Amino acid sequence: MTESGFTCPKGLDNQFSPNLYVANCGPAVGLSFDIIKSVFGTFGEVMGVHAADNSGARVIVCFHEVTAAQAAIKALNGFPCPALRGRTLHIRYSVPRQQKVQSDYSLPVSLSASELATPGIHLVHEFITAKEEEELLAAVDIRPWKILSKRRVQHYGHEFLYETRNVDSKQFLGELPSFVSHVLEKIMSFPGLDENNSKLMDQLTVNEYPSGVGLSPHIDTHSAFDDLIFSLSLAGPCIMEFRKYPEGTWKPPDDVIVDKVSSSQCSTFARKAIFLPARSMLLLSGEGRYAWHHYIPHHKIDTVGDHVVRRSSRRVSFTFRKVRRGPCCCKYKQYCDSQMVR
Ligand SMILES: [Zn+2]
């Protein structure tokens, strides 16, 4: 039995997570991982049950969805559970241990896309001016935000559905707002792009990340969006990490692997990282968009070369995408929901 990479957060009771720290529960009190998994599985898909420590009486239950974890905590916390030998469980949300080890980021961080050398990933520094940055921030700050568990978002063009990581292509919210017109114009002149492609961006997601909040590793759903994904960083910098899992390997649930990897020499998947300063525009396309997971580590402090870069109090990203009509026909079938054989 290996100790999980999760910890029970102190003073973070309000921080929702798909992972639950469950006390008074485990093999030492007569409850096998299988039984625990089946009982928690009635609230949603359970990705795994792990020992929280060596006691045998505390486990981490990892759900696929935060909503399932919320339902389980509501139903099971503090009540005797007949299906679990009548034991009274004590449950809290759990976070990956890495959130506590904030300066332990050993991966070298590239400052340019050429240094990163991943096909399809491009970065343009100072894509907009500081004045334009200010205006974009002012424009979104007077509009309503949708509150997610750790960050705030706004959607334009089409709503993004986090449950399915997809869009409802029939639910059109309207044209992209005029305050991004000049950004869309500049996208058309993005180096190496054919003009027809770049004209058609019709979905914008604005994300606001407080300091220390990142993004779980994921690939934007192939069937949801076309090839080109543009992401503009505003207000503060971050590091973006890219991961490529070898052909045919099991893809672990988002957070589980986060702190089990300590160097770029990891044998399970390739890792690369790039520094995204404020006002830079990142383009994910081709292999970089279809086959590499992208991930923002949950750090307050990033190490870039010999420099320590503190995350600003907020980072806002504008992600421009084009809603896909019809199935994806990419050549990266392992990652393609349109072509996946289950
Ligand atoms: Zn695809």
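How many bridges join strand E15 to strand E24, and in which direction do the two strands run? In this predicted model, local features need a pLDDT of at least 70 and side-chain atom pairs count only at pLDDT 80 or more, whereas totals for chains, interfaces and linings use all residues. Residues are numbered from 1 along each chain as its sequence is written.

Strand E15 (residues 203-210) and strand E24 (residues 314-321) run antiparallel and are joined by eight bridges; strands here are DSSP runs (E, at least two residues), numbered from the N terminus. Within this pairing, Leu-204 stands opposite Phe-320 in E24. Strand E17 (residues 229-234) also runs antiparallel to E24, to which five bridges join it, and here Phe-230 stands opposite Phe-320. Seven of the eight residues of E24 are buried, a residue being buried if 20 or more other C-beta atoms, placed from the backbone, lie within 10 Å of its own.

These strands belong to an open sheet of seven strands with antiparallel pairing, in the order E10-E20-E17-E24-E15-E12-E11, where two strands pair if DSSP finds at least two bridges between them. Strands E10 (121-124) and E11 (146-147) stand at the edges with a single partner strand each, so one side of each is left without a neighbour in the sheet.

The protein chain averages a pLDDT of 83, and 83% of the residues score at least 70, pLDDT being the predictor's confidence in each residue, from 0 to 100. Over residues 8-13 the pLDDT is below 50, and over residues 250-267 the pLDDT is likewise below 50. Where pLDDT is low, the predicted coordinates should not be read in detail.

Technical notes: Helix = DSSP H or I, 4+ residues; strand = E, 2+ residues; numbered from the N terminus. Contact = placed C-beta atoms within 7 Å. Buried ≥ 20, exposed ≤ 12 C-beta atoms within 10 Å, placed from the backbone.
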